[in-house]
Protein chains: 2
Amino acid sequence: MSGPAVGSSTEPLNLTLRELQAIDAPVNVADGHARQPPTSSQQELIRSLPGFFAQAQAQPTFELEREAHRAFLSALGQHAAPVGSGRILTTYASSVAIDIVARGLARAGATVALIHPTFDNIPDLLRSHGVALVPLEQAQIGEPLPAELACGDCVFLTTPNNPTGWVAGVEELTSVACECRDRGLLLVLDTSFRGFDPRAQFDHYRLLDEVGVDYVLIEDTGKLWPMLELKLGFLAFSEGVQLPLREICSDVLLTASPVIMRLVSALAEDGRDGGFDALWGLITRNRDVLAARLAAGGLSCADKDSRVSVARVELPDPRAAEVVARLAREGVHALPCGPFFWNSPSDGERFIRIALARATDVVCHAADRIALAGAGSVG
Amino acid sequence: MSGPAVGSSTEPLNLTLRELQAIDAPVNVADGHARQPPTSSQQELIRSLPGFFAQAQAQPTFELEREAHRAFLSALGQHAAPVGSGRILTTYASSVAIDIVARGLARAGATVALIHPTFDNIPDLLRSHGVALVPLEQAQIGEPLPAELACGDCVFLTTPNNPTGWVAGVEELTSVACECRDRGLLLVLDTSFRGFDPRAQFDHYRLLDEVGVDYVLIEDTGKLWPMLELKLGFLAFSEGVQLPLREICSDVLLTASPVIMRLVSALAEDGRDGGFDALWGLITRNRDVLAARLAAGGLSCADKDSRVSVARVELPDPRAAEVVARLAREGVHALPCGPFFWNSPSDGERFIRIALARATDVVCHAADRIALAGAGSVG
């Protein structure tokens with residue numbers, strides 16, 4: 001089953017186009033979407049889809065939307081999120097939410113200090129609107145922000161970060177938030193992976209409100225549950241944000257699907273009632289299996305502390321693109337990490353990203369092949 | 001049940017923000033989304049959602065996507081559409097597809113001759129990317145195109161048009177396509193409403209391929225079936241199109257939901273097997289009911305020949321905004337047509353747009369209130 005040809009032959013492929021090539025591959029550990037088998041309680045929710053449809057027909061859309069916001073955000077510890085205030089927009093996906101923010105920043109003429117590395121569609125979307133970027137090294141977050149940022153500019157972090165799993169803790173977030181407040185910078189956080197990591201589930205909204213910084217948070221239901229892209233992105237913002245986010249959003253959509261809102265509420269409740277524990281168990285198991293199998297080839301994972309649903313395999317040489325190409329010929333699709341390092345791609349060439357939100361046997365199979373191919377890259 | 005406050009108090013609302021205010025209103029004839037009760041066979045498909053989910057888990061995504069393309073496009077007469085060629089992208093919604101084209105046109109520095117009037121998110125999305133617009137009066141389509149267009153520029157038509165129901169027939173489309181070919185212009189068609197009108201279902205792809213013009217077509221499943229925003233947008237393009245549409249698309253999404261792809265295939269098959277006849281029957285009935293009730297207030301519909309799921313009510317005076325505001329206070333939400341006339345809003349002030357993809361009693365109720373309010377606008 002081969003998909004359509006993607007990308008032009010001369011341009012390097014972005015990460016999403018690489019993921020697209022892997023969609024129907026025998027072993028797809030490329031994209032970070034949730035593709036593990038549904039749990040039995042998630043299967044029950046899938047069986048409930050007709051009932052959710054009926055409820056979505058009967059109930060006001062704004063009520064369903066508010067319930068989805070409340071259920072999802074409170075299940076992830078975000079009790080102070082502005083649910084019911086009109087300051088949470090619902091989109092088809094988190095990338096649509098990122099794009100809305102990018103348009104707003106472009107209109108405001110803001111320069112953005114963007115975390116480095118991170119998934120390449122964030123710098124690509126920002127740049128596509130003409131936003132100027134300054135790299136913000138992950139390791140330096142918590143230290144003073146770049147001097148060139150001026151009032152009205154923006155700091156954009158992904159926490160937990162993709163692919164590293166780095167998390168902005170209370171201390172780092174407070175430090176960044178205070179400096180943003182003092183210098184008149186907007187703080188944007190993409191928290192799409194927070195559901196995997198309890199360390200990213202302290203109440204960000206409360207912290208940011210208490211600091212008094214202007215913020216935009218991008219939340220995502222799409223990474224957690226294997227719902228075949230039945231998902232939502234949320235765009236939450238503080239009262240002081242001046243960007244016309246609602247107007248920009250309205251150019252792209254009227255509402256997301258109320259059926260999916262209802263499904264997200266149910267998934268969040270299931271997550272709170274044991275589903276997240278099961279998910280964390282699976283990801284931990286898959287990370288352990290990956291490490292064990294890699295060890296057979298003398299390889300190991302970077303980011304020992306990461307809890308997100310992707311892992312970086314460290315190669316002995318900076319030849320990720322070559323190793324990934326070799327794996328793809330064997331039907332195993334992973335991502336080279338060069339493009340995550342949007343400001344210095346060569347820094348990513350020592351790493352391959354492996355998705356962990358998969359059945360464990362898929363991860364095993366991929367790990368065995370990578371152990372062989374990666375070891376082969378030495379000689 | 002009141003929704004969040006939308007829009008700033010100083011800016012006039014765009015049409016989508018107006019529609020958003022009406023989402024949970026007692027009588028919502030504002031948005032053009034399908035909100036009629038599902039037919040019995042559509043109810044059967046809703047009951048099949050868990051089965052569709054299982055099929056989407058088991059079947060390759062590209063296969064499901066290709067089946068959705070084939071089923072949908074062939075049900076609407078588009079047999080020569082490039083199904084299986086890799087030249088049909090699938091998005092969350094047609095507005096996302098429009099936005100992708102708008103980005104491509106902006107990167108190419110193209111000026112766009114855009115049909116006038118049309119739904120305001122099309123000019124808004126194009127302008128938001130910095131694309132320069134030239135109005136193309138609907139009544140003049142088929143006559144020579146504006147002289148200021150140069151090679152590499154674009155002609156963008158909505159056919160059937162929203163809100164007028166105007167359709168580019170074989171003759172007009174051939175004329176425009178030939179001139180575009182001869183002058184090196186890209187032809188973009190938004191055919192989101194074609195499912196309502198058999199006159200828009202001749203094979204556009206065959207015609208355009210035979211002319212040899214470069215084209216992009218935006219197709220939409222969202223206007224036809226009351227699936228609560230479980231929908232897809234398609235972006236189909238000819239071989240010669242140089243815009244990096246696939247790359248731009250990949251910044252926003254990996255894939256749409258394969259569950260929705262499966263649902264769309266089933267809906268298209270149901271449409272072909274009688275569903276479209278039932279839909280056209282409902283829309284005709286609702287249009288007739290609207291006309292009859294309006295007549296009691298001395299009002300009538302414009303666009304006598306329209307078959308799309310919206311109708312324009314003609315007022316005796318150009319006071320649509322005022323009449324719409326009065327109706328909204330009574331819980332009846334419709335759209336003033338000013339914003340559709342993106343180049344000359346005052347030309348729309350004599351018209352109110354009423355959605356017809358509703359239960360007939362909703363249209364009746366709205367029509368009665370409009371007949372009263374509209375008649376009142378005279379004195």
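Let me start with α2(A), which passes α10(A) in a right-handed crossing, meaning that the near helix is turned clockwise from the far one by less than a right angle; helices here are DSSP runs of H or I with at least four residues, and strands are runs of E with at least two, numbered from the N terminus. This is a predicted model, in which local features need pLDDT of at least 70, side-chain atom pairs count only at pLDDT 80 or more, and totals for chains, interfaces and linings use all residues. Residues are numbered from 1 along each chain as its sequence is written, chains are lettered from A and ligands numbered from 1 in the order in which they are written, and side-chain values use heavy atoms, with hydrogens and water left out.

The residues that meet, with heavy atoms within 4.5 Å, are Ser41(A), Gln42(A) and Leu45(A) from α2(A), and Leu263(A), Ala266(A), Leu267(A) and Asp270(A) from α10(A).

Turning to Asp203(A), we find this residue in the loop between β6 (186–190) and α8 (204–211) of chain A, and it counts as buried because its relative accessibility is 13%, where buried means under 20% relative accessible area with a 1.4 Å probe and protein chains only. A polar atom of the Asp203(A) side chain lies 3.1 Å from the backbone nitrogen of Arg206(A). Leaving aside residues up to four places away in sequence, Asp203(A) touches Gly77(A), Gln78(A), His79(A) and Ala80(A).

Finally, the peptide bond from Thr159(A) to Pro160(A) is cis, with omega near -5 degrees, and Pro160(A) sits in the loop between β5 (154–158) and α7 (170–183) of chain A.

Methods:
Buried means under 20% relative accessible area, exposed over 50%, partly exposed in between (1.4 Å probe, protein chains only). A polar contact is a pair of N or O atoms within 3.5 Å; within protein, one must be able to donate a hydrogen and the other to accept it, and residues adjacent in sequence count only if both atoms are side-chain atoms.
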